[in-house]
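Here are some notes for a colleague who is reading this structure for the first time. Please keep the sequence and the 3D view open while going through the points.

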Amino acid sequence: MSTRTPLMAGNWKSNLNHHEAVVLVQKLAWTLSDKKHDYAKSEVVVVPPFTDLRSVQTLVDGDRLQIRYGAQDVSQHDGGAYTGEISAAMLAKLGCSYVVAGHSERREYHRETDEIVNAKTVKTLAAGMTPIVCVGEGLDVRQAGEHVGYTLGQIDGSLAGLAAEQVAGLVIAYEPVWAIGTGEVATPEDAQEVCAAIRGRLAETWGDDTAASTRILYGGSVKAANVAAIMAKPDVDGALVGGASLQAEEFAAIARFYDLPDLSSGA
Ligand SMILES: O=C[C@H](O)COP(=O)(O)O
């Protein structure tokens, strides 16, 4: 039986100022508390913009919330003369538990290569935080039937040179680009196919024990209405949620996937 604690991470992207961030985290915490959310059944993480992190830290620490938080990106450099960059040490000091590395929007709009994602992953680990390394194919690759090989190539490049214990502790998010923000959700079988292939590649490269420990998330138009069916798949350990994480009730329901019916089975 899997010992991987499910993880629900809400990537707010470039949404919500620091006042709005406080309101959303308060509502989320209250909703989860009201429903007696079991954090052992799913870990809940918010990933706000950099400008919100200090406010979220103050709220989480002050109210001793069990919600964790992370950053959407990190510099590949240690600090110094890199205007606009935020170093891993700065994020660790703010109490971040997680850092997203190589989200498809960074890969596409900021030309982040696997080498850059690898450097960011290494910096995140060195600073004592957990990387959420994103991979996933675009529509053209999917239509060509090359989605598995393409995604495994991103895994090889993004995780190159890491030790087995580092890979065991990090998180991978499989996000098919064609399903992000489009309302077009991959089927649970689509998600399982690629997540299982990723776990297989981890086993080949770092061994079975490592592969059994690494958490693999699915991302792309996840909502309360579809999360239970996706989470029923054996190699899917959680979700990286975009739009639906901006609404406290909806994200709380996603976090509580274990109480939702799996609508795909007709339940
Ligand atoms: O990081 C989150 C993903 O890009 C998914 O976004 P979405 O849930 O809005 O499709």
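Predicted model: local features only at pLDDT ≥ 70, side-chain atom pairs only at ≥ 80, totals over all residues.

1. The positions discussed here are numbered from 1 along the chain.

2. Start with the annotated active site. UniProt, in an unreviewed entry, lists His-103 and Glu-175 under "active site".

3. Take His-103 on its own. His-103 sits in the loop between β4 (98-101) and α4 (104-109). It is buried, because 27 other C-beta atoms lie within 10 Å and the cut-off for buried is 20 or more. Leaving aside neighbours within four places in sequence, His-103 is in contact with Gln-72 and Cys-134.

4. Glu-175 belongs to another loop, the one between β6 (171-174) and α9 (188-206). With 30 C-beta neighbours inside 10 Å, Glu-175 counts as buried. Its contacts, not counting residues up to four places away in sequence, include Ser-104, Cys-134, Gly-136 and Ile-180. Gly-219, Gly-220 and Leu-240 are also among the residues that Glu-175 touches. Cys-134 is in contact with His-103 and with Glu-175.

5. Next comes the annotated binding site. The unreviewed UniProt entry places this feature at Asn-11, Trp-12, Lys-13, Gly-181, Ser-221, Gly-242 and Gly-243. These positions span 233 residues in sequence, but no two of their C-alpha atoms are more than 13.8 Å apart, so they gather at one spot.

6. Which residues come nearest to the ligand? Of the 14 residues around it, the nearest are Asn-11, Ile-180, Gly-219, Gly-242 and Gly-243. By class, the shell around the ligand holds five nonpolar, eight polar and one charged residues. Asn-11, Gly-242 and Gly-243 are also among the positions of the UniProt "binding site" feature. Ile-180 and Gly-219 are among the contacts of Glu-175.

7. Ser-221 is in the loop between β7 (215-219) and α11 (224-231), and it is buried, with 20 other C-beta atoms within 10 Å. Not counting residues up to four places away in sequence, Ser-221 touches Ala-179, Thr-182, Gly-183, Glu-184 and Val-185. Lys-13 lies in the loop between β1 (7-11) and α1 (18-34). Lys-13 is partly exposed, with 17 other C-beta atoms within 10 Å, and its phi is near 55°, a positive value in a residue other than glycine.

8. Arg-64 also has a positive phi, about 50°, although it is not a glycine. It is found in the loop between α2 (53-62) and β3 (68-71). Is Arg-64 buried or exposed? It counts as exposed, with 6 C-beta neighbours inside 10 Å.

9. Helix α7 (residues 147-158) has twelve residues and reaches 16 Å from its first C-alpha to its last, close to the 16 Å expected at 1.5 Å a residue. His-147, Thr-151, Gln-154, Ile-155 and Ser-158 are the buried residues in α7. They cover an arc of only 100° around the axis, which puts them on the same side of α7. What do they pack against? Their partners are α5 (114-126), β5 (130-135), α6 (139-143), β6 and α9.

10. Arg-201 lies in α9 and counts as partly exposed, with 18 C-beta neighbours inside 10 Å. Beyond its neighbours within four places in sequence, Arg-201 is in contact with Leu-152 and Ile-155. Ile-155 is one of the buried residues of α7.

11. Helix α11 is mostly covered, with six of its eight residues buried. These are Asn-226, Val-227, Ala-228, Ala-229, Ile-230 and Met-231. They pack against α9, β7, β8 (238-241) and α12 (248-255).

12. Last, Ser-75 lies in the loop between β3 and α3 (88-93). Ser-75 counts as partly exposed, with 19 C-beta neighbours inside 10 Å. Ser-75 and Ile-116 are 41 residues apart in sequence and 9.3 Å apart in space, C-alpha to C-alpha. Leaving out residues up to four places away in sequence, Ser-75 touches Tyr-82, Glu-85, Ile-86 and Ser-87.

Definitions and conventions
Helix = DSSP H or I, 4+ residues; strand = E, 2+ residues; numbered from the N terminus. Expected span 1.5 Å × (residues − 1). Buried ≥ 20, exposed ≤ 12 C-beta atoms within 10 Å, placed from the backbone. Arc of directions from axis to C-beta. Contact = placed C-beta atoms within 7 Å. UniProt positions renumbered as here; feature names shortened; annotations may be inferred. Near = placed C-beta within 6 Å. Nonpolar A, V, L, I, M, F, W, Y, C, P; charged D, E, K, R; others polar.
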